[in-house]
Every structure is written in structure tokens, then in C-alpha cells.
Amino acid sequence: MQDWNNYRDSLLQRVGEYAELAPDVMKAIGSLEPSIGKMGKLDAKTHELIALAVAVTTRCDGCIAVHSKKAIELGVSREEIAEALSVAIALNAGAALTYSARVLEAVDSVSQQ
């Protein structure tokens, strides 16, 4: 099992080192989340649930570590997280099915040459 707290701390330290090397990039990335929050249509809990689902679909351990902590701090329940993750699982299965159809199309295309 991953030690998520130590991983998150280590990751944030490395990100800090990167920030010193590329401050303009970090400034640009850092402006994304606050600007999304200003839209005001979804609450912070919903943002974190979406972030966790996206973290799963993009296989981003850093995103999982950071957004899990934020979600818990905002009072998101395990049940809410499980529901959001269920959507991610369903979408991944759908994506696999869609891309499987693309593979068959590609195979048929090659076979017809």
C-alpha cells in the first residue's frame, strides 16, 4: 500500500523545486483552479469529486494524493467518493469499448487493402 501522506509531502516538495526552475509555468498552472472556482456553478466538494474521478481515469497518483486530502477537508464522504469513482469506472469501461470498436475498424481497414 502507498503511504499517501508521505507521497503527497514528497511530491509537493519536488513540485516546489520545479517551481523554482520554471516559475512562469507554475504561475500559469496555479491560476487554473482558482479561476474555475470563480465560475461559481459547482461547489468545492463537487470540484473535488470530479478531480478524483479524473485522477482515476488519467492514472495520476499525485492528483489522487492531493485531491483526496482536499475532499476530506471539505467533508466529502467515502460514499460520495465511491459514487464519483463509480462514474469514472463506468466511463473507463465505455472508453475501452469505444476504442475496441476503433481497433476493429483499423483491423478491417488493413484487411481490405
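Is C63 buried, partly exposed or exposed? C63 has a relative accessibility of 28% and is therefore partly exposed, where buried means under 20% relative accessible area, exposed over 50% and partly exposed in between, with a 1.4 Å probe and protein chains only. The structure is a predicted model, in which local features need pLDDT of at least 70 and side-chain atom pairs count only at pLDDT 80 or more, while totals for chains, interfaces and linings use all residues. Residues are numbered from 1 along each chain as its sequence is written, and side-chain values use heavy atoms, with hydrogens and water left out.

C60 is likewise classed as partly exposed, because its relative accessibility is 24%. The structure holds zero disulfides, a disulfide being a pair of cysteine sulfur atoms within 2.5 Å.

According to the unreviewed UniProt entry, the annotation "domain: Carboxymuconolactone decarboxylase-like" covers residues 23-105. UniProt positions are given in the numbering used here, feature names are shortened, and annotations may be inferred rather than shown by experiment. Over residues 23-105 the chain is 84% helix and 0% strand, with helices (H or I, at least four residues) and strands (E, at least two) taken as DSSP runs numbered from the N terminus.

The largest pocket contains about 430 Å³ of space. Pockets were identified on a 1 Å grid over the protein atoms alone, a pocket being an open set of points with protein on both sides within 12 Å along at least five of seven lines, and lining residues having an atom within 4 Å of a point. Grid points are joined across faces, edges and corners, and a volume is the space filled by probe spheres set on the points. The largest pocket is lined by 16 residues, of which I29, E33, C63, V66 and H67 are the closest to its centre. At least two lining residues come from each of α1 (4-21), α2 (23-30), α3 (32-37), α4 (44-58) and α5. Helix α5 gives the most to this lining, with four residues. By class, the lining of the largest pocket comprises 12 nonpolar residues, three polar and one charged, where Ala, Val, Leu, Ile, Met, Phe, Trp, Tyr, Cys and Pro count as nonpolar, Asp, Glu, Lys and Arg as charged, and the others, Gly among them, as polar.

The second largest pocket has a volume of about 250 Å³. Its lining consists of E33, I36, L42, A44, H47, E48, I50, A51, H67, K70 and L74. Two or more of these residues are given by each of α3, α4 and α5. The most comes from α4, with five residues. Six nonpolar, two polar and three charged residues make up the lining of the second largest pocket.

H67 is found in helix α5, which spans residues 61-73. This histidine is buried because its relative accessible area is 12%. Not counting residues up to four places away in sequence, H67 touches E33, E48, A51 and L52, contact meaning heavy atoms within 4.5 Å. S68 also lies in α5 and is partly exposed, with a relative accessible area of 29%. With residues up to four places away in sequence again not counted, S68 touches L52 and C63.

L74 is placed in the loop between α5 and α6. Its relative accessibility is 39%, so L74 counts as partly exposed. Leaving aside neighbours within four places in sequence, L74 is in contact with A44, K45 and E48. In the loop between α4 and α5, R59 has a positive phi of about 55° although it is not a glycine. R59 is exposed, since its relative accessible area is 70%.

Several C-alpha separations involve helix α6 (residues 78-111), in which A106 lies. A106 counts as partly exposed at 41% relative accessibility. The C-alpha atoms of A106 and E48, 58 residues apart along the chain, are separated by 37 Å. For S68 and A106, 38 residues apart along the chain, the separation between C-alpha atoms is 39 Å. L74 and E105 are 31 residues apart in sequence and 45 Å apart in space, C-alpha to C-alpha. V15, in helix α1, is partly exposed at 31% relative accessibility.

Terms used. 1 Å grid on protein atoms, 1.4 Å probe; cavity = no way out; pocket = protein on both sides within 12 Å on 5 of 7 lines; lining within 4 Å.
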